[in-house]
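Subject: Structure for you to look over

Hello,

I am passing on the structure we spoke about. My notes on it follow below.

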Amino acid sequence: MTTRAWPAELLPPPVLGHTRVVGVIGWPVEHSVSPPMHNAALRALGLEWCYLPFPVRPEGLAEALRGARALGVRGLNVTVPHKQASLALMDALTPAARAIGAVNTVSFEDDRALGHNTDAEGFLSALAAVGCDPRGCDALVLGAGGAARAVVYALAGAGARLTLLNRTPERAAALAAELAPGAAVAPLDAASLRRYSPGAALVVNTTPLGMWPHAEGTPWPAEVAFPGGALCYDLVYNPRETRLMRLARTAGAAASDGLGMLVHQGAAALRLWTGLAPPVAAMFAACTHVLGGS
Ligand code: NAP
C-alpha cells in the first residue's frame, strides 16, 4: 500500500461521539483496499461514519459477529476466509447469498444479522460500466472457485451461454450443475481454450493467476490465440494490467481489470447500509491512489 500523502477528499471523516461504524472482517485483512475506498465514499457522502478493518481469526468469527452487533456496528464486509462460514451465522440470507453460498456483506437490522452477497451485482455493474451486456452472449469463465460462483450466478441470471474451464474439471461440473445447468465444462488447458474460445464475446478470469506477487502467471498460454472480438474481464486488480489483459489487447480485444467489480460490490454494500446513492468516482479514486494505475 502506498504511503503517499492522502488528498483531503480521500481522508476518513472526523470521528465524533455519534459516529456510526462499518467495517470489514477477514484474516488477514491488512491488504484490504476496502477501508480507504469506503472512507473516501463516506466523506463524499458527508456522513459522520467510519469504516474500520477488523482482523478476525477463523475461530473467532461467531464471537466477532455477535460483538459487532452488540457494539452497534451498522454493517460489515466479509472477506477471506469468512465468506462461507458466515452463512450459518446469519438470521436471514438474500437469494444471491444463498445461491452463491457466501456472504460478503452483513447488515445489522434491529437485532438481526442479514447476509447479502453483492459480488454478482458488482460484477454485472462493472461489465455495464465498460459497455458489456452479457445477455445472450457466449462467455468463457476460467476457474471455478469462490469468485467464479458469483460470476457464474450473475452470467447465468443475465442469460449468457456459458463454458466453464477449470484446472479441476469436476469442480466446474459441480458448479455448472448447481448454478448454470447446460453450461459446457472442460479442463483449463490449451486444447480447451483452442476449442471453446473462438466466437466467445466475453472471457472472465476468476483464477488468481497473474496476481501480485506472481504477476508472471497467466491462465492463457501465449501460443493460443485470444479471441480478438471479445472483452477480457480479469478479476485480478493488482497489478492493474495483467499478462492476460496484455495478451488480449495485443489480439485486438478489449480488456478490463477487476477493480470495477471490487468498487461496485462495495458500492452495493454502501447502498444497503446507508440507503444513499454511492459515490462511485470517489471510491475509484481512493483505490487508484492505493493501487496505482488509472
Ligand atoms: P479460490 O476460491 O481459491 O479459487 C481459485 C480458482 O483458481 C480455482 O478454480 C482454482 O482451480 C484456480 N486456480 C488456482 N491456482 C491455479 C493454478 N495455478 N492453475 C490453474 N488454476 C488455478 O479463489 P477465489 O476466492 O475464487 O479468488 C480468485 C481470484 O479472484 C483472486 O485473485 C481474487 O483476488 C479475485 N477476486 C476478485 C474480486 C474482485 O472484486 N475483483 C472478487 C473476488 C475475488 P482448482 O479448482 O483446480 O483449485
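**Ligand contacts**

A backbone N or O atom of L235 lies 3.0 Å from a nitrogen atom of the ligand. Please keep in mind that this is a predicted model. The protein covers 74% of the 930 Å² of accessible area that the ligand has on its own. Two elements, α5 (146–157) and α9 (259–274), each give two or more residues to the shell around the ligand.

The ligand also has oxygen atoms with partners in the protein. One oxygen atom is 2.9 Å from an N or O atom in the side chain of R167. For G145, a backbone N or O atom is 3.3 Å from an oxygen atom of the ligand.

In total, 20 residues surround the ligand, and A144, A147, N166, T168 and R171 are the closest. Sorted by class, the shell consists of 10 nonpolar, eight polar and two charged residues.

**Nonpolar cores**

The largest nonpolar core has 33 residues, of which F123, L155, L162, L164 and L202 touch the most other members. Elements that give two or more residues to this core include α4 (119–129), β8 (161–166) and β10 (202–205). The largest share, six residues, comes from α5.

Beyond its neighbours within four places in sequence, L202 is in contact with several residues, among them L127, C132, L140, L155 and Y233. Another core lies apart from the largest one; this other core has 20 residues, including Y51, L262, V263 and C287.

Regards

Key. Residues numbered from 1 in each chain as written. Predicted model: local features only at pLDDT ≥ 70, side-chain atom pairs only at ≥ 80, totals over all residues. Heavy atoms only, no water. Near = heavy atom within 4 Å. Polar contact = N/O pair within 3.5 Å; in protein donor to acceptor, adjacent residues only side chain to side chain. Areas by Shrake-Rupley, 256 points an atom, 1.4 Å probe, with all protein chains shown as cover. Helix = DSSP H or I, 4+ residues; strand = E, 2+ residues; numbered from the N terminus. Nonpolar A, V, L, I, M, F, W, Y, C, P; charged D, E, K, R; others polar. Core = buried A, V, L, I, M, F, W, Y, C linked by side-chain atoms within 4.5 Å. Buried < 20%, exposed > 50% of the residue type's maximum accessible area, 1.4 Å probe, protein only. Contact = heavy atoms within 4.5 Å.
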